[in-house]
Amino acid sequence: MRRHSRLGLAGFAAVAAAVLAATGCSSSSTSSSPPAAPTSAAPATSLAASPGTGGQGAQSVTNYLTYVDGKAGPADKSLPPVYIGYVNQQGGPTAVGLLATAGAQMAVKYANAELGGVDGHPVQLVTCFIASAEEEGTTCAQKFLADKKIHVVDLGGVAIGVQSFYSTLHGALPVLDGVAATPIDTTQPNAVILFGDATHILPPFGTYAKDVLHAKTAALVYPSDNAGIAIGAAAIKQGLQAAGVTVKAVGYSESTTDLTSVLTAAGAQTADMVIPYSDTAGCVNLAKSLTTLGITDPKKIVSAPLCLNGQVISGLGDWPHWTYAIASSLFGDPTDPGMPAYMAVAKKYSTPANAPDPWNIVNFGQMLTTIRFMNEVGYANLSPSAILAKAKAFTGPQALGAPSLACGKYSSAPAVCNDRIQLFEYAGGVTKGRPDWIKMSGWIQPPS
């Protein structure tokens, strides 16, 4: 039931996109258990694809021209452009998803060159970047509201200024998001989140524990003084408990380097499943402590892919040999019928360094979907309400995302459209430019 996959360097489009935002905000906490996750009606357990089938299987988006309902050939430069507002957090001390903008620009360049833009009209991004201040969200919203040619706004990775952005926008424009970087996004009636958020794509850890690992017990460790990570840990714990898995969650301070006692307190040596859930800063310490305790089974150790970066390689000489969850396509995944189309476009309109990045992948797919909605509405009928209606009614498959969407499924998070992940085991090779991945699960949802 497993398949090895040789992938390009640094190629991992991931749940990281959803939970990277968790590293952007932190607050002090002394709790050793994650806070309660938001509750809502839980969906039924579903294994949407066999472990040997990547992407969306037979439903995979392989023809972008058909997907966007476009017209083959370049957009007509003599026609008035179609404008899309675009916001990303960049230019300051931290960037949640720096290459999100590159992915959106790649989609626009491709659509204008080969997909006929929107009804033959060229697509043009109106960008606004938030560097470091909450009030910059207000500035971006005001900019878009003042431009009556803008009927829709796309978000990249934005964790700062979100509250003021939505407050100022006041529902006047639809906001399409690939990945929600904050819980604020999920509650907005004018927002549509195509790839999901941490609170809803982490509970499937429970489904995986029950249906794939057949785990009865789990040990979860996480830095409790990182507020975003703590929210994600709560979602993981909730999913495990819903699946009938007994879980012991232990929080620790991010300043702690030796985590053997923390892992021991969580019962990691005897647990059927071990979840080291941390931001990049804690990955090296967690990996070293797991090795010290003799816990090295990559199938037993399951995490979100925040540890898959160069900083961790510098500290360990490799990425941790664990199993990782993703909420989008995996770059270069040979089991994914939809990946060759993306790789071909990326080769022509992007750079080798950008193509594997999760934010590049997510925002490329997100922007194509925005163009799809505008084509469906038609240039002559473009309006914020018409585009929002198309977005809310979209059931997928999402290009480079989940095989089906259910926008509005969660009453407590009406903007969230996806709660599925797939899982891969990392078997080494990244330092040689040939990461080896073993597909462990097709798309799975939270347990009922």
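Trainee: At what angle do helix 3 and helix 14 pack in this predicted model?
Mentor: Helix 3 covers residues 100-114 and helix 14 covers residues 358-377. Their axes lie 7 Å apart. The packing angle is about 40 degrees.

Trainee: How are helix 3 and helix 14 oriented to each other?
Mentor: Angles under 35 degrees count as roughly parallel, and 65 to 115 as roughly perpendicular. Here the angle is about 40 degrees. The two helices are therefore oblique.

Trainee: Is the crossing of helix 3 and helix 14 left-handed or right-handed, and how many nonpolar residues are in the contact?
Mentor: Helix 3 passes helix 14 in a right-handed crossing. By class, the contact has no charged residues, three polar and 13 nonpolar.

Trainee: Is Val262 buried or exposed?
Mentor: Val262 sits in helix 10, residues 260-265. Its relative accessible area is 11%. Buried means under 20%, so Val262 is buried.

Trainee: Which residues does Val262 touch, leaving out those up to four places away in sequence?
Mentor: Ser289 is 27 residues from Val262 in sequence, with 9.3 Å between the C-alpha atoms. The residues in contact with Val262 are Val221, Val250 and Tyr252.

Trainee: Which residue of strand 11 is the bridge partner of Val302?
Mentor: Strand 10 (residues 302-303) pairs with strand 11 in the parallel sense, over two bridges. In strand 11, Thr323 and Ala325 point one way, Tyr324 and Ile326 the other, and all are buried. The partner of Val302 is Thr323.

Conventions
Residues are numbered from 1 along each chain as its sequence is written. This is a predicted model: local features need pLDDT of at least 70, side-chain atom pairs count only at pLDDT 80 or more; totals for chains, interfaces and linings use all residues. Side-chain values use heavy atoms; hydrogens and water are left out. Axes are lines fitted to C-alpha atoms, for helices over the stretch in contact, and angles run from 0 to 180 degrees between N-to-C directions. Helices (H or I, at least four residues) and strands (E, at least two) are DSSP runs, numbered from the N terminus. Angles under 35 degrees count as roughly parallel, over 145 as roughly antiparallel, 65 to 115 as roughly perpendicular and the rest as oblique. A crossing is left-handed if the near helix is turned anticlockwise from the far one by less than a right angle, and right-handed if clockwise. Ala, Val, Leu, Ile, Met, Phe, Trp, Tyr, Cys and Pro count as nonpolar, Asp, Glu, Lys and Arg as charged, and the others, Gly among them, as polar. Buried means under 20% relative accessible area, exposed over 50%, partly exposed in between (1.4 Å probe, protein chains only). Contact means heavy atoms within 4.5 Å. Two strands pair if DSSP finds at least two bridges between them.
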